[in-house]
Amino acid sequence: HEENGKKPWTSRASKKLKSQPLPPETAPLRMQRESSPSKTVAPQAGEAVEDIKGDNWQTLGNSSDEAACKPKTHIVFLKVHKSASSTVMNILFRFGETRNLTFAFPFNGASQLFYPHFFAAEFVEGFVAGQASQFNILCHHMRFLPTEVRNKPPRTHTTFYFAILRNPVHLMESSFTYYKGTSAFFHAKSLEEFLQQPSRFYKAGDSDSQYAKNLMTFDFGFNHNGEASARHVQLMLQAIKTAFNLILISEYFDESMVLLKEALCWDLDSVVSFPLNSRDGSTRAPLPDFTVEKIKNWNKLDWEIYTHFNQTFWEKIDRDIGRKRMSQEVRALQKRREQLARTCLQEGESVAPQEIKDQSLLPLQYGQARILGYNLKPGLDKKTEQMCRRLITPELQYSRSLYTSQWVTDKWHGEGKENVGLVIRHTSGK
Ligand SMILES: Nc1ncnc2c1ncn2[C@@H]1O[C@H](COP(=O)(O)OS(=O)(=O)O)[C@@H](OP(=O)(O)O)[C@H]1O
């Protein structure tokens with residue numbers, strides 16, 4: 001299983017790239033606009049109380065319900081690969097850290113919940129069979145399995161389930177670059193070559209084949225090599241609707257954050273973010289129409305999931321918020337992000353990895369992707385520096401630091417990760 005990197009694959013090809021870091025993704029789509037990267041803020045407020053309105057995401061209450069609105073603090077986020085999920089995770093990390101919430105970390109400080117295996121409660125640090133769980137937030141990469149996931153956040157609370165999707169065309173373009181070391185992509189010179197004759201490269205039985213086909217379908221727990229029959233698709237969509245309260249769309253990241261804040265009853269600052277895990281432009285190229293069509297066909301199951309939930313996403317906005325208020329909220333979010341960029345970032349925006357001065361803020365570089373990062377503005381006062389640093393800390397570093405606060409007591413005097421197994425005490429925060 002995984003350890004240092006966040007993409008633990010096991011293929012022959014990937015072994016050759018073992019020393020490489022982990023990547024992110026890209027690409028604009030023809031039918032939907034690609035959202036521009038967002039930027040962040042520091043959270044505030046909110047007691048750790050729960051008040052969820054039901055399991056059907058389509059019936060979630062809207063923000064006009066403010067009197068009854070208490071910030072939700074029991075959350076499961078399905079971190080779908082290559083879908084802006086690291087940016088969402090940063091939001092959850094910041095919210096949890098500043099409110100002393102507890103995270104369901106992968107066992108032994110790993111970066112994923114034994115992906116690509118199906119999630120099992122035993123993968124979570126501190127899980128004890130038969131004992132009530134004390135965790136608030138589950139958000140590391142996993143392959144979703146509803147019956148097991150429900151074993152996690154306490155049953156006494158109604159837990160909010162959400163996930164994020166990305167247009168499969170963008171997603172595959174990103175995945176090809178980031179997961180170039182996986183079995184299916186390793187020998188393909190380009191995405192076009194791969195798509196021309198996938199059977200030359202793709203073996204359905206390879207343990208890392210999901211990176212090359214229907215990755216979202218796989219992460220939701222379904223068979224990524226399954227038939228895209230109408231009945232199969234219907235069942236899959238129904239299962240997702242039943243399990244999740246909200247499905248976000250990364251092409252409409254800001255609108256997604258507005259929906260999220262409303263559903264969780266959080267404030268604006270809690271959902272402001274800077275885009276994380278973004279590739280620079282050097283490996284991106286516009287895809288010709290025939291390639292776009294091939295990607296859609298090759299990822300038919302993902303395409304069905306995406307188009308369905310893209311449609312219900314906008315139906316929900318129309319029903320619960322309205323386009324006018326949505327665009328006001330989005331503007332407020334963007335304004336706040338711009339303010340934060342001026343406050344926090346030396347260059348006011350992201351920079352190439354070689355320009356990152358503080359190595360602790362260097363994102364994992366993976367596959368053939370070059371992942372952008374940020375420089376903190378020098379001379380910030382302590383409180384502002386801490387708030388800004390949280391916004392731009394890459395996933396692996398942030399996860400490690402929270403894991404250490406939550407699990408590693410001062411009695412721990414081991415040297416390496418292998419010693420983390422000694423540890424022990426579940427604190428309710430830092
Ligand atoms: N705010 C926002 N809006 C739109 N898109 C965004 C945002 N934040 C990150 N991204 C893009 O998401 C891609 C990384 O996805 P993940 O973080 O899920 O990747 S990973 O699976 O965790 O490695 C990666 O895509 P590519 O750059 O195409 O590779 C990011 O650019």
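Colleague: Is Ile321 buried or exposed?

Modeller: In this predicted model, Ile321 has a relative accessible area of 13%. Ile321 is therefore buried, since the cut-off for that word is under 20%.

Colleague: Where is the place of Ile321?

Modeller: Ile321 sits in the loop between helix H11 (300-320) and helix H12 (323-344).

Colleague: Which residues is Ile321 in contact with, leaving aside neighbours within four places in sequence?

Modeller: Those residues are Val258, Leu259, Glu262, Lys316 and Met326.

Colleague: Now the rings. What is the count of aromatic pairs?

Modeller: There are 28 aromatic pairs. One of them joins Phe93 and Phe103 edge-to-face, with 5.5 Å centre to centre and 80° between the planes. Phe93 belongs to helix H2 (residues 85-98), whereas Phe103 is in the loop between H2 and strand E2 (137-138). Both residues, Phe93 and Phe103, are buried.

Colleague: And how do Phe95 and Trp266 pair?

Modeller: Phe95 and Trp266 are stacked, at 3.5 Å centre to centre and with 5° between the planes. Phe95 is in helix H2 and Trp266 in the loop between helix H9 (253-264) and helix H10 (289-298), so their pair ties together parts 171 residues apart in sequence. Phe95 and Trp266 are both buried.

Colleague: Which residues do ring pairs link into a cluster?

Modeller: The cluster consists of Tyr115, Tyr178, Tyr179, Tyr211, Phe218 and Tyr366. Lys82 lies over the face of Tyr178, 3.2 Å from the ring centre, and Arg143 lies over the face of Phe218, at 3.7 Å from the ring centre.

Conventions. Residues are numbered from 1 along each chain as its sequence is written. This is a predicted model: local features need pLDDT of at least 70, side-chain atom pairs count only at pLDDT 80 or more; totals for chains, interfaces and linings use all residues. Side-chain values use heavy atoms; hydrogens and water are left out. Helices (H or I, at least four residues) and strands (E, at least two) are DSSP runs, numbered from the N terminus. Buried means under 20% relative accessible area, exposed over 50%, partly exposed in between (1.4 Å probe, protein chains only). Contact means heavy atoms within 4.5 Å. Rings of Phe, Tyr and Trp (its six-membered ring) pair if their centres lie within 6.5 Å; planes under 30 degrees apart count as stacked, over 60 as edge-to-face and the rest as tilted. A charge sits over a ring if NZ of Lys or CZ of Arg is within 6 Å of the ring centre and within 35 degrees of the ring normal.
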